[in-house]
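Work through the exercises below with the model open beside you. Each task is followed by a worked solution.

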Amino acid sequence: MSLSIRQILAHQGYAFPKLLAFRIQMVLSYQMTMVAIGWHIYEITHDPWALGLIGLAEVIPYMGSALFAGHAVDHYFSRRGFACLSAVFLAFNALLLVWIALTQPAHTDWWIYGTVALTGFARAFIAPSYNTLFALIIPRASIAKASGIGSSMFQIGLIVGPAIGGLLIGFADKSVAYGLSAALALGAAIAAMSVRVTQQRSHAPLKVFASIAEGLRFVKRTQVVLGAQLLDMFAVLFGGTVAMLPAFVHDIYQMGPEGLGILRAAPAVGAIVTGVWLAKHPLHQHSGRWLLLAVAGFGLCMIAFGLCHTFWLAIVILAISGMLDGVSVVLRQTILQLATPDNMRGRVSAINGIFIGSSNELGAFESGLTARLMGLVPSVVFGGCMTLAVVGVTAIKAPELRELHISQLH
């Protein structure tokens, strides 16, 4: 029986709110750091290609360590421990950025890229830790509702983080934004250690490569999981515009970092509305079709944003894109949780992270490359068109996903 939202929050000694406190502080810390890094790099180089390199610098260590992180979370130490360590690592990294901002060492841009690479390594452990703790805390019948709540909290972080980061850069200094990011990451570590769960580790660990192979085989043979991951990966890869926002703000809208913070926050505003609505009204029927329609709508929004040269209209378009992306995120998270066995959540989450998380960074690199080759606006329009093509291919090639009803997975 599905619990009410109030019951979900109070379940197991309010474990879920503690886990949400970990998640939102990690999101705030990461987003504030990355918005400051984006502005910092563009301030030095004035080159969209340099913004694209931020994504590449993060995705290489992330992809290189994600599968091993998933194995470790499934088999060794505690899920809380890995969550805490990842937060401490992000705090150290933010403090390193404070030093870079204050001292401006030689080759500052390469120092910044180095910290981005360290961030990619730390991020490899965050999603497997969060998702395994989530599954241990939330009853199976309530996962769809809890995913909506979790998505809303995540999107709040996406709003507040860039907004605060942009304001701090504009009215104080980049070092202040980096310093607050470090404090939030330490707060996330404390929240993670306060979560109490009944199961902490696997009692029958596999050898690392056999364990990774087992997770890969599961994803490959489960079409609804693989299809949802591929759909979102290519949509974000081609349709993401976040990495190019500093260039839009600086060159097209002729605004400062405050404008960047507003545009970075706009999609999250729409996603919060979606998350709150889906927490009360989960899409248990025709879920696959809703997922495909949401991603197609997201692609159309990217085309509209690329063609828009009015700042306030761009905010509205990005907010609508966030609403549609919110549907995709909640549905994909629910599918992932319900279709994955308990003893494989770390590995499947890590694989999902490679599909989804790395696509943000690869998308940033792709955006920077196409912006250099085509120009800023044509590159965004091209990405939106490619997103629509991905939806069409997925609808044809993944019929199980297209016809999925989440109620079938309970």
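**Exercise 1. Burial and overall form**

Task: Find what share of the 410 residues of the protein chain counts as buried.

Solution. Start with the cut-offs: buried means under 20% relative accessible area, exposed means over 50%, and partly exposed lies in between (1.4 Å probe, protein chains only). By that rule, 60% of the 410 residues are buried. The model is a predicted one: local features need pLDDT of at least 70, side-chain atom pairs count only at pLDDT 80 or more, and totals for chains, interfaces and linings use all residues. Residues are numbered from 1 along each chain as its sequence is written, and side-chain values use heavy atoms, with hydrogens and water left out.

Next, take the dimensions. The C-alpha trace spans about 55 × 45 × 40 Å along its principal axes. The radius of gyration, taken over C-alpha atoms, is compared with a globule rule of 2.2 Å times the number of residues to the power 0.38. For 410 residues, a compact globule would come out near 22 Å; the chain has 20 Å, which agrees.

Accessible areas come from the Shrake-Rupley method with a 1.4 Å probe; for residues, only the protein chains shown count as cover. The total is about 15900 Å², and carbon and sulfur atoms hold 71% of that area.

**Exercise 2. Secondary structure and contacts**

Task: State how many helices and strands the protein chain has, then find what percentage of contacts with a separation of 6 or more joins residues 24 or more positions apart.

Solution. Helices (H or I, at least four residues) and strands (E, at least two) are DSSP runs, numbered from the N terminus. The count is 16 helices and zero strands. A contact means heavy atoms within 4.5 Å. Of the contacts with a separation of 6 or more, 86% join residues 24 or more positions apart.

Gln25 sits in helix α1, residues 5-45. Gln25 is buried, at 18% relative accessibility. Setting aside neighbours within four places in sequence, Gln25 touches Leu184, Gly187, Ala188 and Ala191. Ser129 belongs to helix α5, residues 126-137. Ser129 is buried too, at 0% relative accessibility. With the neighbours within four places again left out, the contacts of Ser129 are Val73, Arg79, Phe82 and Ala83.

**Exercise 3. Positive phi in a loop**

Task: For Gln104, give the phi value and the location; do likewise for His107.

Solution. Take Gln104: phi is about 50°, positive although the residue is not a glycine. Gln104 lies in the loop between α3 (79-103) and α4 (108-123). The relative accessible area of Gln104 is 41%, so this residue is partly exposed.

Now His107. Phi is near 55°, again a positive value in a residue other than glycine. His107 also lies in the loop between α3 and α4. At 60% relative accessibility, His107 is exposed.

**Exercise 4. Charges and salt bridges**

A salt bridge is a side-chain nitrogen of Lys or Arg within 4 Å of a carboxyl oxygen of Asp or Glu. The structure holds five of them.

Arg347 is buried at 3% relative accessible area, whereas Glu214 is partly exposed at 27%.

Move to Glu403. Arg402 is partly exposed, at 27%. Put together, Arg289, Arg402 and Glu403 form a network of salt bridges.
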